[in-house]
Amino acid sequence: MGFDLAGYQVTERVHQGRKSVVYRAFGVEDGRKVIAKMPTAEYPDSASLERLRNEYALISQFEHPGIARPVELVAHGSSLALMLEQAAGTTLREYLGGEPVSIDDFFTIAINIVDALKAVHDQRV
């Protein structure tokens, strides 16, 4: 699966949607773990590229542990990739392991999500 992405080595696809794809990657020089988000189209239209630029500018405003910090926006062929800090820990899917979540865990997770959403809304987004 690995490929080079402007100084990062992609290791795994995390998610593929209709408009974007998300990968795990690491910096070739520093080993820094990142998440790369880019349009699914090999030749994305200008609106798709503008959405990534806007997302980068928008999330650059946030200082919250529940919101991924942007690292940089990099060119990749005729596209762009938004590089985000990869949070420590596991994904929610890995944490749940296909099992039902306990009510205590549910509320802990829900409160953390609501706290991050509040930070976004506090910035009038």
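Biologist: In the hairpin of β3 and β4, which residue takes a positive phi?
Modeller: Strands are DSSP runs (E, at least two residues), as are helices (H or I, at least four), numbered from the N terminus. This hairpin has 5 residues between its strands. The one with a positive phi, near 75°, is glycine 31.

Biologist: What is the mean pLDDT of the chain?
Modeller: This is a predicted model: local features need pLDDT of at least 70, side-chain atom pairs count only at pLDDT 80 or more, and totals for chains, interfaces and linings use all residues. Residues are numbered from 1 along each chain as its sequence is written, and side-chain values use heavy atoms, without hydrogens and water. pLDDT is the predictor's confidence in each residue, from 0 to 100. Here 99% of residues reach 70 or more, and the chain mean is 91.

Biologist: Which element has the highest mean pLDDT?
Modeller: Helix α2 (residues 92–96) has the lowest mean, 82. The highest, 96, belongs to strand β4.

Biologist: How many residues of β4 are buried?
Modeller: Buried means under 20% relative accessible area; exposed is over 50%, and partly exposed lies in between (1.4 Å probe, protein chains only). β4 is mostly covered. Of its 7 residues, the number buried is 5.

Biologist: Which residue of β6 stands opposite alanine 36?
Modeller: Two strands pair if DSSP finds at least two bridges between them. β4 and β6 (residues 79–85) run antiparallel, paired over 4 bridges. On β6, the residue opposite alanine 36 is methionine 83.

Biologist: What is the bridge partner of valine 21 in β4?
Modeller: β3 (residues 20–27) and β4 are antiparallel and joined by 7 bridges. Across from valine 21 is methionine 38.

Biologist: Which are the edge strands of the open sheet?
Modeller: The sheet has 6 strands, in the order β1-β2-β3-β4-β6-β5, with antiparallel pairing. Each edge strand pairs on one side only. These are β1 and β5.

Biologist: At what angle does α1 run to β6?
Modeller: Axes are lines fitted to C-alpha atoms, for helices over the stretch in contact (heavy atoms within 4.5 Å). Angles run from 0 to 180 degrees between N-to-C directions. Helix α1 (residues 46–59) lies across β4, β5 and β6, and its angle to β6 is about 25°.

Biologist: What is the relative accessible area of alanine 6?
Modeller: Alanine 6 sits in the loop between β1 and β2. Its phi is positive, near 50°, in a residue other than glycine. Alanine 6 is partly exposed, because its relative accessible area is 38%.
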